[in-house]
Every structure is written in structure tokens, then in C-alpha cells.
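Me: I am new to this structure. Can you take me through its features one at a time?

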Amino acid sequence: MSTSMMPATDNGPDERLLLPVPDDDGAPFWAYAARHELRVQSCAACGELRFPPRPCCPHCQSFDHRWRRMSGRGRVWSYVVPHPPLLPAYAAQAPYTVVVVELADAPRIRLAGNLVAAPDAALNSVDPGRVRIGAAVKVAFHEQAPGVTVPRWLLERP
Amino acid sequence: MGATLKDAAVIAGTGRTAFAKRLPESERALACRAIVAALDDAGIAPSEVDAFASYTMEETDEVEVAKAIGAGDVTFFAKAGYGGGGSCATVAHLAAAIATGQASVGVAWRSRKRGSGPRPWRNTAVQLPTPAQWTRPFGLLRPADEIGILARRYMHEYGATRDHFFNVALACRNRANQNPAAIMYDRPLTREMYMTSRWISEPLCLFDNCLETDGALACVVVAAERARDLRHRPVYVHSVAQGLPAQHHGMVNYWTDDPLTGPAWTAARQLWKQADFGPEDVDVAQIYDAFTPLIPLSLEGYGFCGRGEGAAFTEGGALETGGRLPLNTSGGGLSEAYVHGFNLITEGVRQLRGTSTAQVPDAATCLVTAGEGVPTSALLLRS
Ligand SMILES: [Zn+2]
């Protein structure tokens with residue numbers, strides 16, 4: 001997998017949003033996301049989940065791993081609302097809400113993502129005033145560029 | 001047991017350029033000016049320099065600097081990682097090199113053109129030294145966005161408020177207002193200005209963020225035995241530490257069991273273990289302030305108060321001159337200059353020499369810290 005930034009797309013509402021630059025350890029996460037599956041790396045020997053992905057289990061030092069499917073439910077652990085100056089594509093949709101979600105099936109696993117009103121809605125489609133730490137959220141998948149899908153988060157009670 | 005670092009080395013000289021939003025000279029020229037000034041301050045000839053220490057995101061390397069200033073044969077050079085987290089590590093590495101006989105005169109420096117130069121978060125062509133694939137696509141682009149997440153969680157867990165962050169910004173600004181070298185020397189801050197300023201990344205507003213600055217600083221480290229020959233009162237490197245906590249992740253440390261106990265906690269344990277005194281004996285503190293919330297987090301980490309008490313600690317003028325712990329007495333990164341924390345080291349030296357523009361009477365001990373949130377480093381200085 002290339003370590004240089006993938007070219008940004010010039011199509012659609014996400015024009016020039018940054019795309020993930022997977023490394024070898026992270027690539028399966030993005031491949032599963034493209035199939036609309038939220039999966040987290042787990043140790044094949046001791047079963048511990050770990051994020052971000054890495055070659056070796058910090059608990060038992062096994063190099064064998066699996067990708068365990070998550071329910072996609074979680075709670076907002078924290079959030080931030082960026083305002084410009086930002087890269088142009090983000091400035092155009094600011095202020096938007098970035099959440100860190102604690103997964104219901106794995107409370108120590110937290111994922112950053114955007115809180116949006118619908119899977120393909122704009123980054124600023126949820127009023128930041130409606131976000132609360134602890135709010136229940138569920139995962140959705142959004143094709144940000146052809147073949148590149150990112151997980152996003154929807155409020156369980158919009 | 002081997003040799004101890006405790007008080008084995010002293011900071012003998014400091015130097016700096018002007019601080020400004022824009023300076024005409026290159027980073028290399030600014031670095032050389034600061035280093036030459038620091039050697040002059042110490043009364044030590046450049047040809048005596050045989051050690052260099054810097055930290056990452058420094059564009060000026062020791063080969064160029066050594067050549068330009070006329071250093072002698074160099075037998076030690078080191079570069080600490082993690083940008084602003086490495087500032088104090090430079091002095092720590094020099095002290096270790098000198099204490100173990102690897103070198104005799106060390107120079108540490110930082111030169112930056114962040115005021116007029118590019119900001120790293122704007123670079124979309126190069127993978128930044130963070131787990132960028134897990135954050136950048138979602139618009140966590142700038143350090144302020146990354147720290148804003150921790151700040152929000154901290155406010156939620158402990159009832160910290162924007163007033164607490166304002167206390168930090170105000171203490172730094174008040175000290176800068178006493179320091180003619182500070183960028184914010186003639187720019188007082190009020191609560192109303194703070195509360196009505198524009199957001200950068202909620203919950204962080206404009207005044208929660210450090211300045212973008214051009215400038216350079218340097219200091220000279222020598223063995224304590226040389227102290228009697230020095231031009232100025234020596235400032236002893238009493239204790240040093242670096243800190244990279246278990247399971248830590250760069251500046252987006254959201255994935256440990258307890259993200260609110262960051263690198264400060266790890267560095268502090270080592271720092272105090274080696275010291276003859278404790279947090280209650282610190283007369284003045286220079287704590288890395290790229291963002292205001294780093295101060296309450298660091299106050300807890302370095303043991304000035306209990307967990308969750310850092311915000312309340314800032315109340316009642318505790319961080320002002322005459323308060324319980326005078327903070328960032330040159331104005332810090334928030335109001336003097338943001339030169340990746342190196343100005344905190346030189347201000348620590350000024351306090352212990354008795355020459356600060358916001359002098360704490362009889363200051364004899366000073367804590368200096370490097371960037372919190374990233375793998376960090378810290379120094380205890382004493383006169
Ligand atoms: Zn394992």
C-alpha cells in the first residue's frame with residue numbers, strides 16, 4: 001500500500017476531502033469498510049481487541065490476528081467542532097462535528113469519525129448544539145471517493 | 001549504581017533572536033544568531049563547542065550550524081523526537097553527554113519560521129507523524145482539533161470550564177505584558193475579549209492557541225565544575241526526564257485506557273524520583289502551553305494537585321505572580337512566542353538568575369516542561 005497521499009477526487013460534494021492513507025496494518029479496516037463492515041483487529045491467540053491496528057499483540061506478543069466484526073453501536077466519548085482556517089474542502093463545510101466514539105461491544109476501542117444526519121450528508125448536517133458526550137450513535141458507511149469508504153456516525157435518536 | 005545526572009551540568013548561557021510574525025532571515029541564520037548569542041552570554045568560545053542537541057521538526061541540522069559558528073570537533077549530537085515534546089530532552093541529552101564525559105560544551109537550540117512559513121497541518125502531500133488515516137479524513141486536521149477532543153472530555157469529566165482555560169491564557173498574557181521581547185507585550189487580554197473571540201476548534205477559541213512565531217533560541221550546557229568560571233550565576237540541571245506512556249498514541253491519544261493521564265504523568269514520576277525536592281518546593285513553573293488545556297492536564301501530571309483538580313488549581317490567581325505557582329513568566333507560547341517551547345527553558349534560566357521581567361522573588365527552583373499530549377520531556381532547574 002502506498003504511503004503517499006492518494007489523489008483527492010474532484011467529483012461530488014466531498015471534493016478534495018482527504019482520503020485515508022492506509023498502512024499495511026490498517027488496510028484491512030478500510031477494505032472491510034468498503035463492504036460496509038466495521039471490524040476491529042483482535043489477537044488470534046488471546047482474543048484482545050486492539051486499535052489502531054499493529055503487527056503484534058501488546059498483551060501476549062502474538063503476531064497472529066483476526067478482524068472481528070462490531071455491531072456498529074457506540075457512544076460519543078468526546079467531540080470537537082472545527083472552524084476555519086482549515087483546508088478548503090473542510091472550510092467549505094465548517095463548522096462540522098468530529099466525534100470519538102466508544103464502541104458498545106468494546107468500550108476500550110474508540111474511533112474518530114464525523115457525526116452526520118445521513119450516510120451521505122454533508123459534514124455539517126448535524127447541529128453541533130445537539131451533540132452530547134454519552135449520546136448513543138450507530139455506524140454508517142459513506143463512499144467518499146470511488147472505492148474509498150469511510151465509517152460515519154448517526155445519532156440513534158436524531 | 002552509575003553516575004548520577006543530578007546537578008552534574010549547568011546551563012551557562014542563553015541566547016535568542018527577536019520574536020516576530022515575520023523575520024527576514026532564514027531559519028539557519030536565526031539558529032546561528034541564537035547560538036552565538038548564547039555562547040557570548042556564557043563567555044565560551046564557539047571553538048569549544050563539542051556537542052549539539054536538537055529536536056525533530058528542526059530544519060537546521062548540526063552539521064550546518066557547527067560549520068557556520070566555528071565549532072570545534074563535535075563528539076556528541078542527538079535529536080529528540082516528537083516536535084515540541086523534545087524541547088527539554090535536548091538539555092537532558094547534553095547533560096547526560098557531559099556527565100558521562102562524551103563532551104564538554106553542549107549547545108541546544110530551536111529555530112522556527114512558523115509565523116511566516118508553512119503550517120504542517122496544511123501539508124496534504126506528506127503523511128504527518130500521527131496515525132493520520134484514523135483522523136485526517138474526518139477533519140481532525142490541526143493540533144487544535146486534536147487537543148480539542150481531549151479538552152472537551154476533560155471538561156466533561158471534571159467540570160472544567162472555559163473560565164479555567166481563560167485563567168491560563170490571562171496569566172501568560174499578563175506576564176507577556178511585562179516582557180518587552182514578547183509578541184503580546186503591549187496587548188492586554190480581558191475576559192470579555194476571550195469569551196467573545198472566534199472559535200478555532202470548539203471548545204478552543206483563538207486565545208486558547210499559541211502564537212505562530214518566527215524566532216530562534218539556544219542555550220549552552222557545561223559541567224558543573226566549570227560553574228565558578230562562568231559569567232553568570234549557574235543554573236543547575238537538577239533532574240531530567242522523558243515520557244512515553246504505555247500504549248500512547250502521538251497527539252491523538254484517544255485509544256489508551258485513560259487518555260487524560262498523558263505523557264506528563266510518565267515524565268513526572270521519573271523527574272521526581274531523581275530530585276531532592278517535590279512539587280510543593282517549586283518556586284516557578286514554565287509549562288508547555290501550545291493550548292490552554294495542556295496546563296491543567298500538566299498540573300495534575302506533575303503532581304501540583306490531584307487528578308481532576310488542575311482546572312480548579314488555576315482559580316484565585318494561582319498562576320499569577322505572587323500566586324501558588326507563577327506560570328510561564330515570559331508569557332509562554334501563548335503570549336511571548338511559540339518557538340516549540342524553547343523559550344520556556346531560557347525563561348527558567350532567567351528566573352533562577354534573578355533577571356526575569358516578571359521575577360519571582362528569590363526563585364531557586366523551576367520546573368520546565370515540553371509538549372504534553374505528545375511524548376514529552378521535562379527539566380527541574382535550580383540555582
Ligand atoms: Zn494476544
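Reply: Start with a hairpin. In this predicted model, strand 5 and strand 6 of chain A form a hairpin with 2 residues between them. Strand 6 covers residues 106–114, and its pairing with strand 5 is antiparallel, over 6 bridges.

Me: How do I read strand pairing, and which residue of strand 6 is the bridge partner of Val101(A)?

Reply: The general idea comes first. Strands of a sheet pair through backbone hydrogen bonds, either parallel or antiparallel. Here, Val101(A) has Leu111(A) as its bridge partner in strand 6 of chain A. Strand 5 of chain A also pairs with strand 4 (residues 73–82) of chain A. Those two run antiparallel, joined by 6 bridges.

Me: How many residues of strand 5 of chain A are buried?

Reply: The count is 5 of the 6, for residues 98–103. Strand 5 of chain A is therefore largely enclosed by the rest of the structure.

Me: What is the strand order in the open sheet of chain A?

Reply: The order is 2-1-3, with 3 strands and antiparallel pairing. Strand 2 and strand 3 of chain A are the edge strands, since each pairs on one side only. Strand 1 and strand 2 of chain A share 2 bridges. Across that pairing, Gln41(A) faces Arg50(A) of strand 2.

Me: Which residues coordinate the zinc ion?

Reply: Look for the donor atoms. They are the SG atoms of Cys43(A), Cys46(A), Cys57(A) and Cys60(A), at 2.3 Å. The spacing of these donor residues in sequence is C-x2-C-x10-C-x2-C. Cys43(A) sits in strand 1 (residues 39–43) of chain A, while Cys60(A) is in the loop between strand 2 (49–50) and strand 3 (65–69). The two are 17 residues apart, so this pair links distant parts of the chain.

Me: Why does the site of the zinc ion count as tetrahedral?

Reply: Check the angles. Four donors count as tetrahedral if all angles lie between 85 and 135 degrees. The 4 donor atoms here give angles of 100 to 116 degrees, so the site is tetrahedral.

Me: Now chain B. Which strands pair with strand 7 of chain B?

Reply: Strand 1 of chain B is one of them, running antiparallel to strand 7 over 7 bridges. In that pairing, Val10(B) stands opposite Val222(B). Strand 4 (residues 105–113) of chain B is another, antiparallel with 9 bridges. Ala108(B) has Cys219(B) as its bridge partner in strand 7.

Me: How do I read a nonpolar core?

Reply: In soluble globular proteins, nonpolar side chains tend to be buried together. The largest nonpolar core here has 121 residues. Those touching the most other members are Leu38(A), Tyr90(A), Leu103(A), Trp153(A), Ile11(B), Tyr254(B) and Leu381(B). Helix 3 (residues 87–99) of chain B gives the most to this core, namely 8 residues. Domain 1 (22–69) and domain 2 (71–157) of chain A both contribute, so the core lies between them.

Me: What does Ile11(B) touch, leaving aside neighbours within four places in sequence?

Reply: Its contacts include Val91(B), Cys219(B), Pro234(B), Ile345(B) and Leu381(B). Val220(B) is also a contact of Ile11(B). A second, separate core of 30 residues has Val220(B) among its members, including also Leu23(B), Ala42(B) and Tyr236(B).

Me: Where is Thr17(B)?

Reply: Thr17(B) is in the loop between strand 1 (9–16) and helix 1 (27–42) of chain B. With 8% relative accessibility, Thr17(B) is buried. Beyond four places in sequence, Thr17(B) touches residues including Leu23(B), Arg33(B) and Gly215(B).

Me: Where is Glu58(B), and what does it touch?

Reply: Glu58(B) lies in the loop between strand 2 (51–55) and helix 2 (62–69) of chain B. Its relative accessibility is 5%, so Glu58(B) counts as buried. Setting aside neighbours within four places in sequence, Glu58(B) contacts Lys79(B), Trp109(B), Arg110(B) and Ser111(B).

Note on methods: Residues numbered from 1 in each chain as written. Chains lettered and ligands numbered in written order. Predicted model: local features only at pLDDT ≥ 70, side-chain atom pairs only at ≥ 80, totals over all residues. Heavy atoms only, no water. Helix = DSSP H or I, 4+ residues; strand = E, 2+ residues; numbered from the N terminus. Buried < 20%, exposed > 50% of the residue type's maximum accessible area, 1.4 Å probe, protein only. Contact = heavy atoms within 4.5 Å. Pairing = 2+ DSSP bridges. Core = buried A, V, L, I, M, F, W, Y, C linked by side-chain atoms within 4.5 Å. Domains from an automatic or database assignment. Donors = N, O, S within 2.8 Å, 3.2 Å for Na, K, Ca; no water. Tetrahedral: all angles 85-135°; square planar, octahedral: opposite > 155°, others 65-115°.
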